[in-house]
Amino acid sequence: MVNESIMKQIIFSILIFFLFGFGYAQSIFFEGFEGATFPPSGWTILDVSGTKTWSRSTTYAHSGNASAMHDWLSGSVQATALVSPPITLPNHGTPELDFWSRIQLIGYNCSSRILISNTVNYNMNAFTLVKILEGDEVTIAQWRNIIIPLDDYLGQTIYIAFLYTADDGPYWYIDDVNINHFAGFVDIQPFGITPVSNDYPLFSTNEQIIVRIKNNGGTPASNFNVKLFDNGNLKATESYAGSVSSLGEVTYTFNTTLDLSAAGLHKVQVVTQLIGDQIPANDTATSMINNLGCNVITTFPYFEGFENNGNHLPPCWTQEYVSKNYLWKICDATYAIGIPGLEPKDAFEGQYKAYF
Ligand SMILES: [Ca+2]
Ligand SMILES: [Ca+2]
């Protein structure tokens with residue numbers, strides 16, 4: 001079971017990569033049987049009866065140069081399952097098994113079945129039948145796209161078995177085994193509020209708020225509300241008039257502006273509300289905006305002795321590089337002692353002074 005555990009970790013890592021590396025990508029598992037090794041890494045063959053089995057074939061391929069093929073034999077039942085690696089499905093969305101199947105050579109008198117196990121991959125009794133190919137799906141010498149919903153296995157780790165059973169049957173080819181969870185998946189999320197989280201010297205009573213919204217779902221998103229909060233207080237509910245394409249992203253500027261003139265922290269939050277959104281946990285974006293309250297000085301005399309902020313510039317004092325990269329610093333007498341040219345000859349007034 002060590003191998004199974006490692007494979008689960010690999011599959012989980014791949015899943016996480018696709019989910020968070022590319023956003024909610026369409027495919028969470030794919031095998032096209034193009035690699036020379038057969039069965040491909042993590043796949044197994046479960047011999048049920050007979051001597052014929054699954055192998056890699058370059059006679060037919062739905063895409064690329066190769067597919068997986070089960071050979072035929074007359075005189076006894078050949079029954080062999082090609083079993084996928086463990087695949088951990090997301091706990092949301094509408095995952096589907098999507099693959100291509102081709103029946104070849106002679107009239108169809110076998111059974112091509114798809115079964116799923118959510119426990120082990122080495123015992124055919126652990127598998128449950130989910131599909132028997134029939135009718136148009138078994139037309140001779142034609143690639144057929146087979147789609148099987150996997151909604152019953154949300155959040156579970158499954159093995160998929162392609163089970164060939166026939167005496168004097170056909171060849172069965174499969175290719176482009178794909179699992180996606182994307183069609184019908186509904187999720188938007190706000191992120192990237194402007195102004196971004198930071199300290200700011202001054203804000204007005206009339207600040208523009210911009211947010212980016214991305215659509216992780218499989219269909220365009222429209223007719224949703226965007227709410228704006230300041231320190232938990234609802235300031236606006238606006239409806240987004242456009243449409244966000246699948247996996248697309250838009251920038252939305254609120255018609256309502258925020259009064260951020262009060263000094264102190266403003267927890268600005270944007271909440272999206274899309275009917276049917278399947279991931280409510282990502283519907284809120286937050287920006288922590290600290291207004292330092294650096295108002296224009298109108299009372300005089302003005303005095304700054306650099307005494308009240310340790311080794312930092314006083315609040316509302318800023319500096320910009322003009323050339324090179326030295327900065328003004330605030331130091332006390334102890335820090336200055338021993339620095340040539342800076343060592344105080346006379347006591348500071350107070351403890352600190354600014355020096356360059
Ligand atoms: Ca292929
Ligand atoms: Ca959402």
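## A strand with a positive phi

Asp 176 lies in strand 12, which covers residues 171-180. Helices and strands are DSSP runs numbered from the N terminus, with helices being H or I of at least four residues and strands E of at least two. Asp 176 has a positive phi of about 50° although it is not a glycine. It counts as partly exposed because 19 C-beta neighbours lie inside 10 Å. By definition, a residue is buried if 20 or more other C-beta atoms lie within 10 Å of its own, exposed if 12 or fewer, and partly exposed in between, with C-beta atoms placed from the backbone.

## Basis of the description

The structure is a predicted model: local features need pLDDT of at least 70, side-chain atom pairs count only at pLDDT 80 or more, and totals for chains, interfaces and linings use all residues. Residues are numbered from 1 along each chain as its sequence is written, while chains are lettered from A and ligands numbered from 1 in the order in which they are written.

## Overall composition

The protein has two helices and 22 strands. Of its 356 residues, 27% count as buried. Among contacts with a separation of 6 or more, 72% are between residues 24 or more positions apart. Two residues are in contact if their C-beta atoms, placed from the backbone, lie within 7 Å.

## The nonpolar cores

A nonpolar core is a set of buried Ala, Val, Leu, Ile, Met, Phe, Trp, Tyr and Cys residues joined through C-beta atoms within 7 Å. The largest such core has 38 residues, of which Ala 68, Leu 82, Ile 160, Ala 161, Phe 162, Trp 172 and Ile 174 touch the most other members. At least two residues of this core come from each of strand 1, strand 4 (67-70), strand 5 (78-83), strand 7 (96-104), strand 8 (111-117), strand 11 (157-166) and strand 12. Strand 11 gives the most to this core, with eight residues. A second, separate core of 16 residues includes Leu 228, Val 244, Leu 260 and Ile 289.

In soluble globular proteins, nonpolar side chains tend to be buried together. Ile 160 is in contact with Ser 84, Leu 97, Ile 114 and Ile 116, leaving aside its neighbours within four places in sequence.

## Strand 11 and its partners

Strand 11 is mostly covered, since eight of its 10 residues are buried. Two strands pair if DSSP finds at least two bridges between them. Strand 5 and strand 11 run antiparallel and are joined by six bridges, and the bridge partner of Ala 79 in strand 11 is Thr 165. Strand 8 also runs antiparallel to strand 11, with seven bridges joining them; here Ser 111 stands opposite Thr 165.

Strand 6 (residues 87-88) pairs with strand 11 in the antiparallel sense over two bridges. Thr 88 has Thr 157 of strand 11 as its bridge partner.

An open sheet of three strands has the order 13-15-18, with antiparallel pairing. Strand 13 (188-194) and strand 18 (249-253) are the edge strands, each pairing on one side only. Neighbouring strands of this sheet are turned by 25° against each other on average, direction ignored; the axes are lines fitted to C-alpha atoms, for helices over the stretch in contact, and angles run from 0 to 180 degrees between N-to-C directions.

Strand 13 and strand 15 pair over five antiparallel bridges, with Gln 189 opposite Lys 214. Strand 15 (residues 210-215) is likewise joined to strand 18 by five bridges, and these strands run antiparallel. Arg 212 stands opposite Thr 251 in strand 18, and the bridge partner of Ile 210 in that strand is Thr 253.

The loop between strand 1 (27-31) and strand 2 (44-49) holds Pro 39, which a cis peptide bond joins to Phe 38 with omega of about -5°. Phe 33 lies in the loop between strand 1 and strand 2 and has a positive phi of about 55° although it is not a glycine. Phe 33 counts as buried because it has 29 C-beta neighbours inside 10 Å. Another cis peptide bond joins Thr 194 and Pro 195, with omega of about 10°; Pro 195 lies in the loop between strand 13 and strand 14 (198-200).

Ser 74 is found in the loop between strand 4 and strand 5 and counts as exposed because it has 9 C-beta neighbours inside 10 Å. Apart from its neighbours within four places in sequence, Ser 74 is in contact with Asp 167 and Asp 168. The C-alpha atoms of Ser 74 and Gly 169 are separated by 7.3 Å, although these residues are 95 apart along the chain.
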